[in-house]
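Subject: Structure handover

Dear colleague,

Please find the structure below, with the sequence.

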Amino acid sequence: MEKLRRILFVEDEPDIAEVVADALSSEGFEVCVAVNGRAALELLQTGIPFDSVITDVSMPDGVSGIDVAHEAARLNPAAKIIVASGHQRGHLPQLPERFEFIPKPYRLMGLLNAIS
């Protein structure tokens, strides 16, 4: 039996978080949702190993998705890090090459392609 792949999905818009988490779950992923950057950092610091971390860039509460992505890469070096934004990539701070960028709005297939 194949091991469930665990995803940390960081999204502050509840409707988007619910729809995407449900869609990823139906594709066979175990999804942990964080509603902001602080909650994501708390989950990352528990030591739970995540195979992928998908985070929106713009977050409330002073912890951006880029902060989350950097901490996720540090704590889970093998994890796939996906950064999503409604802003063009050129308008964001420089991202490390190992981070995947996906523009919002995205479709489920685009997200699944970024994960794999």
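This is a predicted model: local features need pLDDT of at least 70, side-chain atom pairs count only at pLDDT 80 or more; totals for chains, interfaces and linings use all residues.

Residues are numbered from 1 along each chain as its sequence is written, and side-chain values use heavy atoms, with hydrogens and water left out.

Strands. Strand 1 (residues 5-10) runs parallel to strand 2 (residues 29-34), with 6 bridges between them. Strand 1 is also parallel to strand 3 (residues 52-56), through 4 bridges. (Helices, H or I of at least four residues, and strands, E of at least two, are DSSP runs numbered from the N terminus; two strands pair if DSSP finds at least two bridges between them.) Phe 9 lies opposite Val 33 in strand 2 and opposite Ile 54 in strand 3.

Helices. The axes of helix 1 (residues 14-26) and helix 4 (residues 108-115) come within 11 Å and cross at roughly 60°. Axes are lines fitted to C-alpha atoms, for helices over the stretch in contact, and angles run from 0 to 180 degrees between N-to-C directions. On the helix 1 side, Val 20, Ala 23 and Leu 24 meet Leu 108, Leu 111, Leu 112 and Ile 115 of helix 4 (contact means heavy atoms within 4.5 Å). By class, this contact has 7 nonpolar, no polar and no charged residues (Ala, Val, Leu, Ile, Met, Phe, Trp, Tyr, Cys and Pro count as nonpolar, Asp, Glu, Lys and Arg as charged, and the others, Gly among them, as polar).

Regards
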